Amino acid sequence: QHAGPARWPLPAAERPMAAGRDRCRWFAVALLRGDVCTPLEPLAAHLTSAPELASRPYAPASKAALVAALVAAGVASREALLALWRRVPSFLLQEYLAWLAPAQHRSVRRAWPPADNQAVVDVVDGQ
């Protein structure tokens, strides 16, 4: 990027994303990839859609429910999610299952919430 009449080069700069729906969408993408809770990382291979679909405003209703739940609860960070899971352990379970292949549902239900829960990894690995 360049600016001004002399087209001075502008370096890239990180800016925090504003709170709101877009921030929750990108947080959902990171959650689905397993970047937020490492026990979910092996499950990314079992998702029925690419995690990036959560970032799109036109996602199907079954997939958009995850973002809607995050927005409604005001959750867009790992800390906020962990705090909510301490109070409401079932938060996001149904919404996450909508993204996951049915063969994995039973195992994930048993090990939810996945906050650093090795049990999720174990059931995915078949241990």
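**Talking through a predicted chain**

Trainee: How many helices and strands does the chain have?

Mentor: Keep in mind that this is a predicted model. Going along the sequence, the order is β-β-α-α-α-α-α-α. Count those up and the chain has 6 helices and 2 strands.

Trainee: Among the elements of the chain, which has the lowest mean pLDDT?

Mentor: Overall, the chain averages a pLDDT of 87, with 87% of the residues scoring at least 70. Helix H4 (residues 93-97) sits at the top with a mean of 97. Over residues 118-123, though, pLDDT stays under 50, and the model has 11 contacts there beyond four places in sequence. The element with the lowest mean, 48, is helix H6 (residues 118-125).

Trainee: Where on helix H3 do its buried residues fall?

Mentor: Helix H3 (residues 78-87) buries Leu81, Leu82, Leu84 and Trp85. Looking down the axis of H3, these buried residues stay within an arc of 165 degrees, so they line one face of the helix. Turned away from that buried side are the exposed residues Glu79, Arg86 and Arg87.

Trainee: And which helices do the buried residues of H3 pack against?

Mentor: Leu81, Leu82, Leu84 and Trp85 are the ones to follow here. Their packing partners are helix H1 (21-33) and helix H2 (61-73).

Trainee: Which element gives the most to the largest nonpolar core?

Mentor: That core holds 34 residues, and the ones touching the most other members are Leu70, Leu81, Phe91, Leu92, Tyr96, Val108 and Trp112. Elements giving two or more residues to this core are H1, H2, H3 and H4. With 7 residues, the top contributor is H1.

Trainee: What does Phe91 touch, leaving out residues up to four places away in sequence?

Mentor: Phe91 is one of the core residues that touch the most other members. Its list includes Leu81, Leu84 and Trp85, which are buried residues of H3.

Trainee: Is Cys37 buried or exposed?

Mentor: The cut-off for buried is under 20% relative accessible area. Cys24 makes it at 5% relative accessibility. Cys37 comes in at 0%, so Cys37 counts as buried.

Trainee: How many disulfides does the structure hold?

Mentor: A disulfide is a covalent bond between the sulfur atoms of two cysteines. The test used here is a pair of cysteine sulfur atoms within 2.5 Å. By that test, the number of disulfides in the structure is 0.

Methods:
Residues numbered from 1 in each chain as written. Predicted model: local features only at pLDDT ≥ 70, side-chain atom pairs only at ≥ 80, totals over all residues. Heavy atoms only, no water. Helix = DSSP H or I, 4+ residues; strand = E, 2+ residues; numbered from the N terminus. Buried < 20%, exposed > 50% of the residue type's maximum accessible area, 1.4 Å probe, protein only. Arc of directions from axis to C-beta. Contact = heavy atoms within 4.5 Å. pLDDT = per-residue confidence, 0-100. Core = buried A, V, L, I, M, F, W, Y, C linked by side-chain atoms within 4.5 Å.
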